[in-house]
Amino acid sequence: MPAVLEHVYKRYADDVTALADVSFGVMRGELVGLLGPSGCGKSTLLNLIGCIDLPTSGHVYVSGEETSLLKDNELTRLRRDHVGTIFQFFNLLPTLSLAENVAVPLMLARKDGAQSKARVADVLERVGLTDRGSAYPAQVSGGQLQRAAIARAIVHRPAIVLADEPTGNLDSRNGEIVLNLLRELASGGQTIIMATHSREAASMCDRRIHLLDGAIEYTT
Ligand SMILES: Nc1ncnc2c1ncn2[C@@H]1O[C@H](COP(=O)(O)OP(=O)(O)OP(=O)(O)O)[C@@H](O)[C@H]1O
Ligand SMILES: [Mg+2]
């Protein structure tokens with residue numbers, strides 16, 4: 001399984017328990033939704049699977065490796081090679097064109113120029129941005145920005161794609177385009193874990209994990 005959590009706890013301070021005894025696994029090709037009220041621990045969970053943070057106790061396995069046992073450089077490599085992340089606010093670099101933004105994960109992975117160019121062209125086509133690659137983030141719409149952010153998250157073909165409220169800043173039409181793209185990625189074998197407040201987004205998931213106060217309340 002690409003991602004497994006066993007009895008995971010996350011405490012930020014003595015008085016903040018963001019996750020309490022969370023256990024679940026996500027299969028290859030599965031689109032899983034993380035649902036629940038603000039502050040229930042969705043982003044915290046994504047950060048643990050994304051190797052941005054480590055659990056206070058319990059075990060998080062990403063592509064079979066237990067994150068807490070890795071050295072910093074091994075954790076960076078795991079994140080870089082196996083995880084792609086889509087944020088609510090896109091997080092594209094304003095001084096780079098869309099195509100250059102999309103190429104960033106390949107540069108970090110030190111892919112050579114020709115291969116990198118072909119990959120970028122390929123994912124831009126996939127998200128319908130072939131003719132906007134040379135535009136800068138300030139010159140495109142919110143829907144186009146989010147599609148570029150998705151292209152960047154998948155260009156290195158990560159096993160796991162994390163999405164934190166990916167449709168939160170989009171109108172319903174662009175939201176639908178983004179959700180369809182995520183479904184397509186799952187069909188291709190990638191694992192998608194999406195935190196969302198949106199009912200439409202939740203309805204597109206294979207499985208929904210409902211969190212309350214840092215614990216799994218129920219799964220549907
Ligand atoms: N870096 C941090 N330091 C201290 N407390 C934090 C930190 N990050 C999150 N928290 C706390 O942990 C709890 C869970 O936060 P988290 O961001 O995971 O919630 P969420 O479900 O993503 O909420 P939202 O739907 O608003 O995005 C909250 O009580 C939050 O205030
Ligand atoms: Mg959040």
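Predicted model: local features only at pLDDT ≥ 70, side-chain atom pairs only at ≥ 80, totals over all residues.

Student: Which residue in β5 does V62 stand opposite?

Tutor: β4 and β5 pair in the antiparallel sense, over two bridges. One of the bridge pairs joins Y61 to E66 in β5. V62 stands opposite E65.

Student: Which residue in the turn of the β4 and β5 hairpin has a positive phi?

Tutor: β4 covers residues 57–62, and β5 covers residues 65–66. Two residues lie between these strands in the hairpin. The one with a positive phi, about 50°, is S63.

Student: How many bridges join β1 to β4?

Tutor: β1 spans residues 3–13 and runs antiparallel to β4. Y9 stands opposite S57 in β4. The number of bridges joining β1 to β4 is five.

Student: Which strands stand at the edges of the sheet of four strands?

Tutor: This open sheet has antiparallel pairing and the order β2-β1-β4-β5. An edge strand here has a single partner, so one side of it is left without a neighbour in the sheet. The edge strands are β2 (16–26) and β5.

Student: And in the sheet of six strands, which stand at the edges?

Tutor: Read the order: β6-β7-β8-β3-β9-β10 in an open sheet with mixed pairing. Each edge strand has a single partner strand, so one side of each is left without a neighbour in the sheet. The twist from one strand to the next averages 20°. The edges are β6 (83–86) and β10 (215–219).

Student: In what sense do β7 and β8 pair, parallel or antiparallel?

Tutor: Five bridges link β7 and β8. D164 has A195 in β8 as its bridge partner. The sense of the β7 and β8 pairing is parallel.

Student: Which element gives the most residues to the largest nonpolar core?

Tutor: That core has 36 residues; I86, V102, V120, I150, L182, I192 and M194 touch the most other members. Elements that each supply at least two residues include α3 (98–108), α4 (113–126), β7 (160–164) and β8 (191–195). The element that gives the most, with seven residues, is α5.

Student: Leaving aside neighbours within four places in sequence, which residues is I150 in contact with?

Tutor: I150 is one of the core members that touch the most others. With those sequence neighbours set aside, its contacts are I86, V127, V178 and L181.

Student: How many residues are in the second core?

Tutor: This core is separate, and includes A3, V8, V22 and L46. Its residue count is 27.

Student: How many disulfides are there?

Tutor: A disulfide needs cysteine sulfur atoms within 2.5 Å. For C40, the nearest cysteine sulfur is that of C205, 14 Å away. C205 is likewise in no disulfide. The count comes to zero.

Student: Is C40 buried or exposed?

Tutor: Buried means under 20% relative accessible area. C205, with a value of 6%, is buried. C40 has a relative accessible area of 1%, so C40 is buried.

Terms used: Residues numbered from 1 in each chain as written. Chains lettered and ligands numbered in written order. Heavy atoms only, no water. Pairing = 2+ DSSP bridges. Buried < 20%, exposed > 50% of the residue type's maximum accessible area, 1.4 Å probe, protein only. Core = buried A, V, L, I, M, F, W, Y, C linked by side-chain atoms within 4.5 Å. Contact = heavy atoms within 4.5 Å. Axes fitted to C-alpha atoms, helices over the stretch in contact; angles between N-to-C directions.
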